[in-house]
Amino acid sequence: MKEIEQRGLYYEEFELETRYLHRPGRTVTEADNVLFTTLTMNTQALHLDAAWSARQPFGERLMNSMWTLATIVGASVAQLTQGTIVANLGFSEVSFPHPLYHGDTLYSETTVTAKRLSASRPGQGIVTLEHTGRNQDGVVVATAIRQVMVWCRDAHLGTSDE
């Protein structure tokens, strides 16, 4: 019987200017917001206090933006980096241009914007990913640029001459 283990992409498999759509989407709940917010010791009333938030400019509680960021990145793992990542190198240009509310559905996508072989770590490469989160209406609610170090196929499988 043939067996296939789900994994992310090796360096060679990442294609520039390719957009990966991560499905299914994730409908967010009040429980997601309260649990994440309290687990991370974030006491921001915009996430926890419905009465106070109702008097603020958005008129209701907002999803914790760190939950949104973690979820758009997390949605990419199975498709892009599961078992092939060496390290998450960092984030830049993180933005939240529109709020995410309880009951919204978050859809994630990732575009490969750059890649290069590592100069100091043979058999590994650095890939730049642009993560985007959209609500059910296609409105962008979050973006982030992320760099990851991933294995090259031969180095990870032990078939290279290095």
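Modeller: What follows is a description of helix H1 and of what lies around it. This is a predicted model, in which local features need pLDDT of at least 70, side-chain atom pairs count only at pLDDT 80 or more, and totals for chains, interfaces and linings use all residues. Residues are numbered from 1 along each chain as its sequence is written, and side-chain values use heavy atoms, with hydrogens and water left out.

Helix H1 spans residues 30-39, where helices (H or I, at least four residues) and strands (E, at least two) are DSSP runs numbered from the N terminus. Its buried residues are Asp32, Asn33 and Thr37, buried meaning under 20% relative accessible area, exposed over 50% and partly exposed in between, with a 1.4 Å probe and protein chains only. These three lie on the same side of H1 because they cover an arc of only 110 degrees around the axis, the arc being that of the directions from the helix axis to the C-beta atoms. On the face turned away from this buried side, H1 carries the exposed residues Ala31, Leu35 and Leu39. The buried residues of H1 pack against strand E1 (19-27), helix H2 (45-48) and helix H4 (65-74), with contact meaning heavy atoms within 4.5 Å. Just after H1, methionine 41 takes a positive phi of about 60 degrees.
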